[in-house]
Amino acid sequence: GGSASKDFPAQRGRPHFLRPSKFDSMAEGKAKQARQEAASGRVAKDLLEADPPDAVTLGALSQLDVRKLGLASVPSSLGLCRRLVKLDLGDNPLLKVPDLVAELPCLEILFASGVDMKEVPMAVHKCEKLHMVGFRNNQIASLNGACFPQNLAWLIAAGNQIREMPNISCLQHVRKLMLSHNRLTCAGLAPVAEIPALEMLRVAGNCLEAFPKALLRHPRLAWVAVGGNPFAEAALEKRLGGAPPVVDFKEVSVGEKLGSGAGATVYRGSWRGRMVAVKLWDQETFSDGSTKGEWSINLVASAPGHRSIVGVLGAFSEPRMGMILELLENAVAAAGPPTPASVTRDSPPSDGRKLDSVGALKVAEGVALAGAYLHSRGLTHADIYLHNTLIITEPLPRGGPLVSVRDVRLSDFGGATAVSDDEDGRALQRLELRSFGWLLQDLLDLCMAAPAPEEADAVALLQDVRARCAQEDVERLPKFADLAVEFSTFLHGHGSGVAPVGSCSWSTWCGSALR
């Protein structure tokens, strides 16, 4: 979005060297075209409210963003946006999604969060190309699957009042379902098991007294966040009994901002004479869970801790909840997060880096070690991804985009959950082996297209484990501890000289944490 483009002024009488070249004109043309294809803010509002409407400009738009503009209704000129692919109506007092959306034949992404709607209109069902819908923070009590088009892949309805989901099984192609902070019970959530394509389910902060048995047997479910529900809170309270005490924030010195994410900001700091990272939460809830839940899970995971997860050195609750973390210099995410097109799959690194097979195995080993440690502590991570895996890399002598991996850390416990010691708890842990399988697939995609002959066995191992982690029968899914042993044995058995990623020798850690 932005202001309307301006043509170059008349060129007569200007020296040749001051006139725009044909390349300048081409660039200006492309910029003008981009502005015509996407409009946001006041520009978008003015376009919709113009009388008469600019049918040509509206008809060329592919994206329209009118968030937070105080709209009580949407002008009928929206129907002229025949090429619109993405529409964001969020945080306006609309009370409903306008029926006009049914007149947008190309619409693929629709956001209407915070508009105070109480039900999903049938007009949404008529948007046959809709791929992604976001209706967060409304007043929806009944989420009727019949109100959505059948090809929907990504549905966000967190922060509503949802108690029931009639006809939810109509959404046979939904892979990502975000339902945190609603009022669902076990019986209310159970029909979701009838969605065969479901891979990610976020139901943190609901009223689940247990997790539906049918979902524990789901053939594709891989990422599950359930923190803040009664059954998960009971398990977390038990785990917190052995957690270390909190520290005094007065001992912490906070410096420059390093970055921010879902509900929290991370700063460089110092604590007890060492450089650290300081994480401070900015809000109480987010799509995967809550500040209290993530803070508590990190506290449990920190005792005794493991070198394959980002080290938690301390936690404090005043003046607001925060943590003291190890500072990882030069660490980068191993991949980018999913996009609207990829839904649940990570996107490639923006710098185009590639891994050799040893590097990929080191990442796999590090994440498997982290998963094994968390499971031994009665936890699930719930968001195992390459984009949540931090790596420290070094260029390889052969040059190009290929890098070696020096260190690995699994991070981001926003969706993590404590589980019970019974069979249901173990089944929840087994489910996330499927997410590890997708991580391995992304690792394989990051490997060079034509690996060296001596790397064939390593690639074969990654492919074999990836296939085992795709089992539809939950009982046949492997365990993180066993997979970590396989990766470690392969690396050392082939004389790579690669040290295990864990904080101590694998045999010592196995003996202390798993047996």
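Predicted model: local features only at pLDDT ≥ 70, side-chain atom pairs only at ≥ 80, totals over all residues.
**Cysteines**

I then checked C447, which has a relative accessible area of 8%. That value is under 20%, so C447 is buried. I searched the whole structure for disulfides and got 0.

**Helix α7**

I went on to α7, which covers residues 291–301. How many of its 11 residues are buried? I counted 10, so the helix is largely enclosed by the rest of the structure. I noted the buried residues of α7 by name: T291, G293, E294, W295, S296, I297, N298, L299, V300 and A301. Among them are the charged residue E294 and the nonpolar residue W295.

**Second largest pocket**

Next I turned to open space in the model. Rolling a probe the size of a water molecule over the atoms shows where empty space is left. I recorded a volume of about 470 Å³ for the second largest pocket. Its lining has 20 residues, and I listed those closest to the pocket centre as H375, S376, R426, Q429 and K479. Which elements give two or more residues to this lining? I found α8 (357–376), α9 (423–431) and α12 (480–493). The largest share comes from α9, with 4 residues.

Definitions and conventions: Residues numbered from 1 in each chain as written. Heavy atoms only, no water. 1 Å grid on protein atoms, 1.4 Å probe; cavity = no way out; pocket = protein on both sides within 12 Å on 5 of 7 lines; lining within 4 Å. Points joined across faces, edges and corners; volume = space filled by probe spheres on them. Buried < 20%, exposed > 50% of the residue type's maximum accessible area, 1.4 Å probe, protein only. Disulfide = S-S within 2.5 Å.
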